[in-house]
Amino acid sequence: MISQTIRLPDVDDETNDLATGLLGQLDRFSRRNRLLEAYYEAERTLRKMHGGIVPEQYYRLGLVLGWAAKGVDSLGRRCNLERMVWSDGNLDDFGYREVWDTNRLGSEVNQAITDTLIHGLSFAVASNGVDDGAQGLVHFYSALDATGERNPVTRGLDNLLIVRARDKERVTALTLLLDGVTIAAQIVDGKWEIVEYSEHPFGVPAAPLVYRPRLRKPMGRTRITRAARGFQDAAGRALVRLEGHMDVYAYPEFWMLGADPSIFRNADGTPMPEWAQRLGRIKGIPDDADRDDALARADVKKFDAASPEPHLKALNTYSKLVAREYSLPDSSVAITDFANPTSAESYDASQYELIAEAEGTVDELSPALRHVVPIAMAMRGGLDEVPEAFRSIDCKWRDPRYISRAAQADAGGKQVAAVPWLAETEVGLELLGLSEQQISRALAERQRAQSLSRLDALVRVAGQEAPADGVTG
């Protein structure tokens, strides 16, 4: 693929070369990322892999499996950001609630996690609006639309290119984030024009969200691994074989020996359709008077239909292999071997590997959010820098285990009983299983009750002192 050359006006050659290079980097990974997207969206249809053995029409059936989406969503649904927390202060004093609500941060993070698991990478970006003057915006971009260079020393981004619009052949609008500079440009009348050039004190206000990084691959890996794709393709072929089997071998095969062909004709002498011959019930066939051998009397031989069990076993084997690759229990994808319901204990045990995967995933995603959200809060507050105290802002993720409210309250009650003063804190109420809204309401009602109690006490004290003050000589 020949990459597009970017030439922005009033920008030095080094910056233009950087933009062109980043766009080329995005193009190099585009085919792979679109393939992963196709697996997730179940758009990866069966290809011709059978050397002419399977008839052409089976490739047009659109047989696909949704295992890739199952593997991604099963993990993604266990990685839920509840809110940001700050042990050293009150986030709402710095506009956190506005940042959360305006950006729909909970929902947007969930979407970013899905794209991160698909491509292994996505990006979080803090910015201020250009036309509407909005401040403290947080946007997320998939690896199909953004790319950058990672600094191995600071482990942050040196730059980031965001593609905002394309036509059939080229990129028509982009944003380039540099250290302290944001450049937005678009093509107008066939030429690039800069629509925004702004400077700010926040470095590169972006961070990568990565899945399963390692030292030699710090920008992560996809959850839809090559092994998982291979098993899914093999299972797709098994589905085609099963479909062909049902078409060809679903009915038993009959051979009729010595029958007069006239029995397969209608009363007017026209031949019966094949379906009528198959579905008809022949009660009696006359002997052939012109023959004196063994075939004078018609004889029907039946060959039972072949069992589809081998295809089902192959499909079930592939499903279990995919389950192992995605750290899922067999019950999530397998189609047989479930004679009895799974017990609660065995089901919980089967989820431990996926829970460990979810815990590791949120640990890898947290640094990006801890970097970007404080920048957005500083932008919204009109600050010239991110306060040092914001370093203690952290993510609070929902427990990846599915625990009933009763079990959570029971476990929390035991912890609070061991440390009684926790009952007076938000942490203690969280341990008891209360939601954020319930905690806020409970604390507000408690504060109102305490205020009324203090007011009543003051009134009583004032009432007791009034007679003494009114005594005269």
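This is a predicted model: local features need pLDDT of at least 70, side-chain atom pairs count only at pLDDT 80 or more; totals for chains, interfaces and linings use all residues.
**Exercise 1. The surface patches**

Is arginine 216 buried or exposed?

Step 1: read its accessibility. The relative accessible area of arginine 216 is 78%, and the cut-off for exposed is over 50%, so arginine 216 is exposed.

Now try a patch of another kind: which residues form the nonpolar patch on the surface?

*Solution.* Step 1: pick out the members, which are Leu452, Leu455 and Val459. Together they have about 300 Å² of accessible area.
Step 1: Leucine 452 is part of helix α12 (residues 436–470).
Step 2: check its accessibility. With a relative accessible area of 54%, leucine 452 is exposed.

**Exercise 2. Aromatic pairs**

Classify the pair of tryptophan 86 and phenylalanine 94 by its ring geometry, and then do likewise for tyrosine 96 and tryptophan 100.

*Solution.* Two quantities are needed here: a pair of aromatic rings is described by the distance of the centres and the angle of the planes.
Step 1: count the pairs. The structure holds four aromatic pairs. In one of them, tryptophan 86 and phenylalanine 94 are 5.6 Å apart, centre to centre, with 70° between the planes. Angles over 60 degrees count as edge-to-face, so this pair is edge-to-face.
Step 2: turn to tyrosine 96 and tryptophan 100. Their ring centres are 6.0 Å apart and their planes meet at 50°, so this pair is tilted.
Step 3: ask how these two partners are arranged along the chain. Tyrosine 96 and tryptophan 100 are four residues apart in helix α3 (residues 96–102), so about one helical turn separates them.
Step 4: Tryptophan 86 is buried at 11%, while phenylalanine 94 is partly exposed at 36%. Tyrosine 96 is buried at 3% relative accessibility, and tryptophan 100 is buried at 13%.
Step 5: Which residues do ring pairs link into a cluster? Trp86 and Phe94 are joined there by Phe390.

**Exercise 3. A contact across the sequence**

How many residues lie between arginine 77 and asparagine 110 in sequence terms, and what is their distance in space?

Step 1: compare the two separations. Arginine 77 and asparagine 110 are 33 residues apart in sequence, with 8.0 Å from C-alpha to C-alpha.
Step 2: note the surroundings. Arginine 77 is exposed, at a relative accessible area of 59%.

**Exercise 4. Positive phi**

What are the phi values of aspartate 10 and arginine 155?

*Solution.* Step 1: recall the background. Most residues other than glycine have a negative phi.
Step 1: read the angles. Phi of aspartate 10 is near 60°, and that of arginine 155 is about 65°. Both values are positive, and neither residue is a glycine.
Step 2: place the residues. Aspartate 10 lies in the segment before α1 (13–40), whereas arginine 155 is in the loop between β4 (146–150) and β5 (157–166).
Step 3: finish with accessibility. Aspartate 10 is exposed at 83%, and arginine 155 is exposed at 60%.

Terms used:
Residues are numbered from 1 along each chain as its sequence is written. Side-chain values use heavy atoms; hydrogens and water are left out. Rings of Phe, Tyr and Trp (its six-membered ring) pair if their centres lie within 6.5 Å; planes under 30 degrees apart count as stacked, over 60 as edge-to-face and the rest as tilted. Buried means under 20% relative accessible area, exposed over 50%, partly exposed in between (1.4 Å probe, protein chains only). Helices (H or I, at least four residues) and strands (E, at least two) are DSSP runs, numbered from the N terminus. Patches are made of residues with over 30% relative accessible area and no salt bridge: like charges are joined within 9 Å, nonpolar side chains (Val, Leu, Ile, Met, Phe, Trp, Tyr) within 5 Å. Accessible areas come from the Shrake-Rupley method with a 1.4 Å probe; for residues, only the protein chains shown count as cover. A salt bridge is a side-chain nitrogen of Lys or Arg within 4 Å of a carboxyl oxygen of Asp or Glu.
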